[in-house]
Amino acid sequence: MLKGKIAIVTGAGRGIGQAIALALAEQGAEIVLSDISVDFLKDTEAQIKALGKSGCLLTQANVTIGDEVNEVVKKALDTYGKVDILVNNAGITRDNLMAMMAEKDWDDVLSTNLKSVFLMTKACSRTMVKQRFGSIVNIASVVGIMGNAGQANYSASKAGVIAFTKTTAKELAKRNIRANAIAPGFIRTPMTDKLSAEQKQKIQEWIPLGRMGEPKEIADVAVFLASDASRYVTGQVIVVDGGLLM
Ligand code: NAP
């Protein structure tokens, strides 16, 4: 399905990013793995090799820093000559009630979750425009649509990702570049491992399908959006949350 395609995945060292990298590789894409720590990436690389692939490109970068982001894209182009798919997945939480939230926690979340999407999209769009082809998949969140007490910074960043996705979809459509977002609900990853057993129990009770999601369940939708199967889909937000938001 993705043979011959080159994909960059940020935050690919674990959780949803790792699952997306594996799923894209499984469909035949060559993967540029990027994360702030190269140690986690080695695990993703080993799993990709176990699929029978010869390897992938490992790039260490902090997605909040423009020069580091540009270097990832440069390495991808030096190695593969093009970038077809960009998955903006890296993200963090720094939860607190808004009235208690530290300014630094606001800034860190906004720059990791939202500024990063601008930096990476801008860097990849140059080559995608030249190619007249590209699929950008941004990982947002249901809380970017519905809000969530204790996540003013995070929900604002994800609402920003959704608006940014729609704007880039409009700006780049004429060059045959699509941009879509996935809004996951609660997914079992290191990010949600931090929740207490009681919080997890409560969350499960809210979800009509009665359980948290698995990273692979987000990755399967990312493969659809990255591939030509979704060639007439752009500017959309696909909610993948077990029915939490409806
Ligand atoms: P995760 O397990 O914490 O993984 C996030 C990855 O991003 C980690 O490898 C992390 O590296 C990396 N990262 C963090 N800051 C970075 C930076 N400045 N530069 C480069 N990489 C950075 O999180 P996840 O649950 O898989 O979440 C992935 C995405 O899905 C995020 O955008 C998140 O907001 C979104 N999401 C998750 C859920 C959920 O329930 N899990 C729900 C909705 C949306 P370190 O760990 O080394 O910092």
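1. A disulfide is taken here as a pair of cysteine sulfur atoms within 2.5 Å. By this rule the count comes to zero disulfides. Cys56 is in no disulfide, its nearest cysteine sulfur being that of Cys124, 17 Å away.

2. This is a predicted model, in which local features need pLDDT of at least 70 and side-chain atom pairs count only at pLDDT 80 or more, while totals for chains, interfaces and linings use all residues. Residues are numbered from 1 along each chain as its sequence is written, and side-chain values use heavy atoms, with hydrogens and water left out.

3. Burial is judged by relative accessible area (buried under 20%, exposed over 50%, partly exposed in between; 1.4 Å probe, protein chains only). Cys56 counts as buried because its relative accessibility is 13%. Cys124 is likewise buried, at 0%.

4. Helices (H or I, at least four residues) and strands (E, at least two) are DSSP runs, numbered from the N terminus. Helix H2 comprises 13 residues, 38-50, and should span 18 Å at 1.5 Å a residue; its end C-alpha atoms are 19 Å apart, which agrees. The expected span is 1.5 Å times one less than the number of residues.

5. Leu41, Thr44, Glu45 and Ile48 of H2 are buried. Viewed down the axis of H2, the buried residues fall within an arc of 105°, so they line one face of the helix; the arc is that of the directions from the helix axis to the C-beta atoms. On the other side of H2, Asp39 and Ala50 are exposed.

6. Just after H2, Gly52 adopts a positive phi of about 100°.
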